[in-house]
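Hi,

Here is the structure I promised to pass on.

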Amino acid sequence: MPIMVRRNGAARRIPAWLIITALLGFLLLVYLIIESGAAAVAYVMLAIGWWLVPVTSFHLVPLLFSTLSWRALLPSASRPGEITLIWIRWIRESINSLLPVPGAAEVASVRLAQLRGVPSAQAAAS
């Protein structure tokens with residue numbers, strides 16, 4: 001049975017390659033945690049404790065303000081919602097952190113904005 005997702009009132013099927021890729025990414029994460037020592041990772045997480053919340057918040061606040069600034073540049077007729085733009089911005093920062101390719105994150109964010117209904121010229125210019 002295919003996995004169905006609703007978007008804009010229409011049911012869409014999630015491609016099998018996307019499900020397989022997500023599963024492989026999760027398995028890679030588990031492998032990396034085990035390889036670097038699950039006990040050491042757990043110890044560090046427990047040592048950090050509740051300090052993880054303000055450390056994470058320290059990054060989320062600039063991310064939110066940056067997203068809201070970007071949102072102001074987009075035309076109101078085709079402007080996606082705040083949650084969608086935060087998601088696109090998060091993906092953009094993740095690509096910037098993971099790939100040593102200049103400009104790849106910008107291309108990806110333009111494409112994601114286009115897929116969410118922003119015209120190509122405005123997505124690229126913003």
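Alanine 124 is exposed, with a relative accessible area of 52%; buried means under 20% relative accessible area, exposed over 50%, and partly exposed in between, using a 1.4 Å probe and protein chains only. Before you read on: this is a predicted model, where local features need pLDDT of at least 70 and side-chain atom pairs count only at pLDDT 80 or more, while totals for chains, interfaces and linings use all residues. Residues are numbered from 1 along each chain as its sequence is written, and side-chain values use heavy atoms, with hydrogens and water left out.

Back to alanine 124: you will find it in helix α6, residues 120–125. (Helices are DSSP runs of H or I with at least four residues, strands are runs of E with at least two, and both are numbered from the N terminus.) Alanine 124 sits 69 residues from valine 55 in sequence, and their C-alpha atoms are 32 Å apart in space. Alanine 125 also lies in helix α6, and it counts as exposed because its relative accessible area is 69%. From alanine 125 to valine 101, 24 residues along the chain, the C-alpha separation is 20 Å.

Now the overall layout. The protein chain has six helices and two strands, and from the N terminus the order is β-β-α-α-α-α-α-α. Its C-alpha atoms fill a box of roughly 50 × 40 × 30 Å along the principal axes. The radius of gyration is 18 Å, whereas a compact globule of 126 residues would be near 14 Å; that radius is taken over C-alpha atoms, and the globule rule is 2.2 Å times the number of residues to the power 0.38. Of the 126 residues, 13% count as buried. The chain exposes about 9,600 Å², with carbon and sulfur atoms supplying 72% of that (areas by the Shrake-Rupley method with a 1.4 Å probe; for residues, only the protein chains shown count as cover). Looking at contacts with a separation of 6 or more, 34% join residues 24 or more positions apart, where contact means heavy atoms within 4.5 Å.

So what makes up the largest nonpolar core? Nine residues do: Trp70, Leu74, Leu85, Ile88, Val110, Leu112, Ala113, Val118 and Ala123. (Such a core is a set of buried Ala, Val, Leu, Ile, Met, Phe, Trp, Tyr and Cys residues joined through side-chain atoms within 4.5 Å.) Helices α4 (82–98) and α5 (104–115) are the elements that give two or more residues to this core, and α5 has the largest share, with three. Take leucine 74 from that list: leaving aside neighbours within four places in sequence, leucine 74 is in contact with Arg79, Pro80, Leu85, Val118, Gln122 and Ser126.

Two other residues to look at. Arginine 89 lies in helix α4 and counts as buried because its relative accessibility is 16%. Beyond neighbours within four places in sequence, arginine 89 is in contact with Leu63, Ser66 and Thr67. Proline 54 is in helix α3, residues 52–73, and is partly exposed at 38% relative accessible area. Between proline 54 and leucine 112, which are 58 residues apart along the chain, the C-alpha atoms are separated by 29 Å.

Last, the charges. The mean positions of the 10 positive and 4 negative charges are 15 Å apart. Lys and Arg count as positive, Asp and Glu as negative, and His and the chain ends are not counted; each charge is placed at NZ of Lys, CZ of Arg, CG of Asp or CD of Glu.

Cheers
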